[in-house]
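Subject: Structure handover

Hi,

Here is the structure I promised to pass on.

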Amino acid sequence: MNTATSHALFTRALELMPGGVNSPVRAFKSVGGEPFFAARAEGAYLFDVDGNRYLDYIGSWGPMIAGHAHPAVLDAVAQTMRNGLSFGVPNPLEVTMAETVRRLVPSMQMMRMVNSGTEATLSAIRLARGATGRSRIVKFEGCYHGHGDSFLVKAGSGALTFGLPNSPGVPKALADLTLTLPYNDFEAATKLFGEVGHEIAGVIVEPIVGNANCILPRDGYLQHLRELCTQTGAILIFDEVMTGFRVALGGAQARYGVTPDLSTFGKIIGGGMPVGAYGGRADLMQQVAPAGPVYQAGTLSGNPVAMAAGLATLELIQAPGFHDRLEAATHVLCDGLEMAAREAGVAVTTTRSCAMFGLFFTDKKVETFADAVACDTAAFNRFFNAMLRRGVYFAPSAFEAGFLSSAHGEAELAFTIQAAREAFREVAA
Ligand code: PLP
């Protein structure tokens, strides 16, 4: 595979941007090698600047659930942008977007559009703190909520001790306010809430963890968190930046029948443009400026072109059977990968939820962050590179979920499984 142009670009980029990239995971640091530079994308495929084609299981880290460069999305963007790129006053598409989101996710009684998932989560936490008058927040090991200071915190020794900054630049005084629990551990949550429940402003959780590969909630776990929050007055926040509109039209909250107080969205809601949203209970959202005292704002929030791309994507995913077809495709892929690994004598297990999946190099069931960390990441890295050489692009990290789109048809799945047969043989060698 010739990657000379990508290599030349990366060499230039390394002098200009930290690690040569504008977001760390793109740098391929954990899997080795260098990133390729995309020239264009279409359907299930990315094309690099050297003319190589890659079957893409990342979909721009989630937004491209209808496939890259979908004509309906591109047309909506092209039409809307002719009227101007940004107005700085309200535009009708913001109202249509809010009505659409509330119809698809009824817990979103009111909402605010922002420009990224990070903005959505840090705004939701500020609202939880402002509405409750409490300062502490709870998050879970292995979950990622963007790069807000309150989230870049790791557990201290024992969940009840203060959190420790996970990055230089996060003040210890702020990290102290973030408590970290093991995901899927009922007892740890009960214990924490028993001791400090009435000091907790909000609990933020990825209802399905997509940032430690892909870990599904144990039966009743999200309900358990709901009950603990209801009993103590803590605000339950589902971070559906990844799961929203992906694991079901109504997100993970619809799939598991648990209603959070607030939710955050990103990725699919913008159809590939920079968009996020947070919202939920009307009484809480009425506390956001200018209706209420909790401040939050954005020069480009609700941008018409971004709303057009998001709305066109939300339109596409409402087609009858859209998610059912994705779910069926994910099963074909994951069953095929497991079978290919077995044939090669490589221990692999998968998790799936509609258009999202996890691939773990282990023979054990993965239900916790500790389970995910215990997997063979060196084997994953070999598999990743072996697949890339065959033109199949999985996430360049053992701790990222995989994504399917409606453009991944039978031919793409068959091609992937055949490539995986060969790649697993390389891993076993
Ligand atoms: N929350 C979750 C669950 C995410 O997966 C991500 C990003 O991957 C974020 C928040 C942050 O979103 P963004 O990268 O748009 O800031």
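Arg 389 and Glu 426 form a salt bridge, with 2.4 Å between the closest N and O atoms. Keep in mind that this is a predicted model. The pair joins distant parts of the chain: Arg 389 sits in helix α13 (residues 377-389) and Glu 426 in helix α14 (residues 410-428), 37 residues apart. Is Glu 426 buried, exposed or partly exposed? Its relative accessibility is 33%. Buried would need under 20% and exposed over 50%, so Glu 426 counts as partly exposed.

Glu 426 has another partner. It also forms a salt bridge with Arg 390, where the closest N and O atoms are 2.9 Å apart. This link again spans distant parts of the chain: Arg 390 lies in the loop between α13 and β15 (392-393), 36 residues from Glu 426 in helix α14. Arg 390 has 23% relative accessibility, so it too counts as partly exposed.

Across the whole structure, the search finds 16 salt bridges. One of them pairs Asp 335 with Arg 352, the closest N and O atoms being 2.8 Å apart. Asp 335 belongs to helix α11 and Arg 352 to strand β13 (residues 349-353), so this pair ties together parts that are 17 residues apart in sequence. Asp 335 is partly exposed, at 43% relative accessibility. There is also a network of salt bridges that links Arg 226, Asp 261, Arg 281 and Asp 283.

Now the cores. In soluble globular proteins, nonpolar side chains tend to be buried together. Here the largest nonpolar core has 74 residues. Which members touch the most others? They are Phe 245, Phe 361, Phe 383, Phe 394 and Phe 424. Helix α11 (residues 322-344) gives the most to this core, with nine residues.

Leaving out residues up to four places away in sequence, Phe 361 touches Val 346, Ala 347, Val 348, Cys 375, Asp 376, Ala 379, Phe 380, Phe 383, Phe 424 and Val 427. A second core of 30 residues is separate, and includes Val 203, Val 209, Leu 236 and Phe 360.

Best wishes

Note on methods. Residues are numbered from 1 along each chain as its sequence is written. This is a predicted model: local features need pLDDT of at least 70, side-chain atom pairs count only at pLDDT 80 or more; totals for chains, interfaces and linings use all residues. Side-chain values use heavy atoms; hydrogens and water are left out. A nonpolar core is a set of buried Ala, Val, Leu, Ile, Met, Phe, Trp, Tyr and Cys residues joined through side-chain atoms within 4.5 Å. Buried means under 20% relative accessible area, exposed over 50%, partly exposed in between (1.4 Å probe, protein chains only). Helices (H or I, at least four residues) and strands (E, at least two) are DSSP runs, numbered from the N terminus. Contact means heavy atoms within 4.5 Å. A salt bridge is a side-chain nitrogen of Lys or Arg within 4 Å of a carboxyl oxygen of Asp or Glu.
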